[in-house]
Amino acid sequence: MSRSSNEFFVGYLKTPPKLAVFLTVVSVLLVGLGIGGGFALLAGQPDYGDGGFKGGYKEHLGVLQAAPYPMLRLPPDEAHPDGRTILLSNPGKRGAQKRAAKHDGQIVDVGGVFITREGTRLLQVGGAAKIRPAKEPESIQGFVPAADVPLGPVTLRGEIVDTKCYLGAMRPGEGKVHRACANLCLMGGIPPMLAVFHENEAPTLLLLTNAAGEAFDAEILDYVAPYVSVEGELFRRGDLLMLRTDASRIGFL
Amino acid sequence: MSVQYRPVTWTRNKITYDLVLGFGIAAFIILFLRYAPGWLESSRISGPQLRMRAFGTCAFLLLTIVLSIGPLARLDIRFLPLLYNRRHFGVAIFFVALAHALAVTGWYQAFGPLDRYVALLASSTAVTSWQAFPFEYLGIFALGILFTLAATSHDFWLTFLGAPLWKAIHMSVYAAYAAIIGHIALGVLQAEHSPWLLGLTGVSVGLVSALHIAAGLREQETSVAPSINDSEGHWVHAAYIGDLPDEGGVTVFLPTGEKAALFRYDGKVSALSNACAHQNGPLAEGRIIDGCVTCPWHGYQYRPEDGCSPAPFTEKVATYRLRRDGNRLLIDANALPPGTPVPPIELEQGA
């Protein structure tokens, strides 16, 4: 023993004064280092972007398509020569499939709030309108949404995300930590997208479907969050890019 | 020491310990929630996710500290007071880790198509994949251990299970730590590639490992005493009389694999088991206080002549026979039943 017995600590006796000073210094150091360490763990974490619920409640007039995932097609205008395609979801981790099914192909009013990140949007359906037959369909009467435009086979690298969280329902709504949540969203019917990242510009987002162009089943869940390579056939529906693939053509990087 | 069970036998030192611990945790959480968003590149992190990080980071740092206390106290006895109330530290870690788990299940597993606790197990299941491994399982495993340790932390369980089993159960904290390192490595380290995150996780593993190795090496400096078998017992070299400190102990590594604590006091020498009956604390690292061997961990006391705690306490430890051989002492490696009186070796003045 290198320390004299007057520094010996017994819990139910008074702490020797020299030892009390030592313990005070150690306590301050531990609390300080702990808090400092906690903050240092945060340093260098990536940017989750500016995604979020934006613009408040609005109603939109368009043609509803239920497959592969519920979406609203809007006719072309000057700013959108290919027309617009807006993906829809319900509140929470649930898709809008049930609400959309009975209006497939109809002109509808869809009410809700946009979740927007770097120019890509998804509409969370809700409010007064939800999805209902259009009150004033005349302005787009006769609008027939264009068919999917094939753009050829591609191999892309990126991260499979649930569209809703990625666009800002959660921040961060991507990455391995968020994987369980993303899978629950996909299980609930939220559309999956492949986010392809670029050096100095916003990621490109592509809606993922199975090889037949239908909604993906559970086989995609194993590939959500880690970086993957996806082979498939690229299509464009309005201004929405869609990638038809299947699980056998997805691989971890 | 206590002759009856109480929820907590409070002492001034325990109250101080808990106040410092509580202050440290509260300061960490409050400062993290208040200032961390400003440190993030994206300050718009969702509130529940910020809380997950606050509680998760805090629990990890607390576990690193609590695992460092044991070897630190072996290397320098001035750290023993940190060990004194380590059980409260452990219970606090469980509650901080539970807060982390509740923040996660209340956000990631909520609002979905499955019950949140079903979702915790069923939403990410690719156990054969390195990249997609459900790191949540490792967190659940670690939380289960932390709960078990917190729930059995009271002296009732120590007495009910017996010190060796209780100690073995509580050693599973190392499994919890390993699981948490896996939880971090296969979770946030795969999601975010910050060198700080990786570096500080490595510092935690390095610190805990290095301290344990250093404490282990120090213990191995003393080799097992050579045997001198004869008809009257299994006698081995214990110590040279000149090496025995006044009022302090010496550890003897016996060929049976056990350790004895040799104490010199009032011109006499006695030998007890080195394992305190309370939590197997190392008695040889204790002191003679009021004529009793006093455990360095929680102050449990034993009379050196018979290994019994003074009345009204009832704890007992094994004793050993000693024999003088010139300027050294021999010890019979066969332990006597706890509480067996053994006449001490009387030393002449100046020995």
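A residue is called buried here if 20 or more other C-beta atoms lie within 10 Å of its own C-beta atom. I begin with that definition and apply it to one helix of this predicted model.

The helix is α11 of chain B, which spans residues 195–220. α11(B) has 26 residues and runs 36 Å from its first C-alpha to its last, close to the 38 Å expected at 1.5 Å a residue. Which residues of α11(B) are buried? They are B:L197, B:L200, B:S204 and B:V208. The cover over these buried residues includes α2, α9 (173–185) and α10 of chain B, together with α1 (17–40) of chain A.

That element of chain A brings me to the contact between the chains. Chain B contributes 59 residues to the contact, and chain A contributes 53. On the side of chain B that touches chain A, the elements that each supply at least two residues are α1 (12–39), α2 (47–75), α3 (80–84), α10 (188–191), α11 (195–220) and β6 (287–289). Which of them supplies the largest share? It is α1(B), with ten residues. By class, this side of chain B has 31 nonpolar, 20 polar and eight charged residues.

I turn now to the domains within chain B. Its domain 1 covers residues 12–220, and its domain 2 covers 227–346. The centres of these two domains, taken over C-alpha atoms, lie 38 Å apart. Seven residues of domain 1 of chain B are in contact with eight of domain 2. On the domain 1 side, α3 and α8 (163–170) of chain B each give two or more residues, and α3(B) gives the most, with three. That side consists of six nonpolar residues and one charged residue, with no polar residues.

Finally, chain A. Here the assignment gives domain 1 as residues 52–140 and domain 2 as 149–252. Their centres, taken over C-alpha atoms, are 20 Å apart. The contact between them takes 24 residues from domain 1 of chain A and 22 from domain 2 of chain A. On the domain 1 side, four strands of chain A each supply at least two residues: β1 (52–65), β3 (84–89), β4 (107–117) and β5 (120–125). β3(A) gives the most to that side, with four residues. What is the make-up of this side of domain 1 of chain A by class? There are seven nonpolar, ten polar and seven charged residues.

Note on methods
Residues are numbered from 1 along each chain as its sequence is written. Chains are lettered from A and ligands numbered from 1 in the order in which they are written. This is a predicted model: local features need pLDDT of at least 70, side-chain atom pairs count only at pLDDT 80 or more; totals for chains, interfaces and linings use all residues. Two residues are in contact if their C-beta atoms, placed from the backbone, lie within 7 Å. Ala, Val, Leu, Ile, Met, Phe, Trp, Tyr, Cys and Pro count as nonpolar, Asp, Glu, Lys and Arg as charged, and the others, Gly among them, as polar. Domain bounds come from an automatic or database domain assignment. The expected span of a helix is 1.5 Å times one less than its number of residues. A residue is buried if 20 or more other C-beta atoms lie within 10 Å of its own, exposed if 12 or fewer, and partly exposed in between; C-beta atoms are placed from the backbone.
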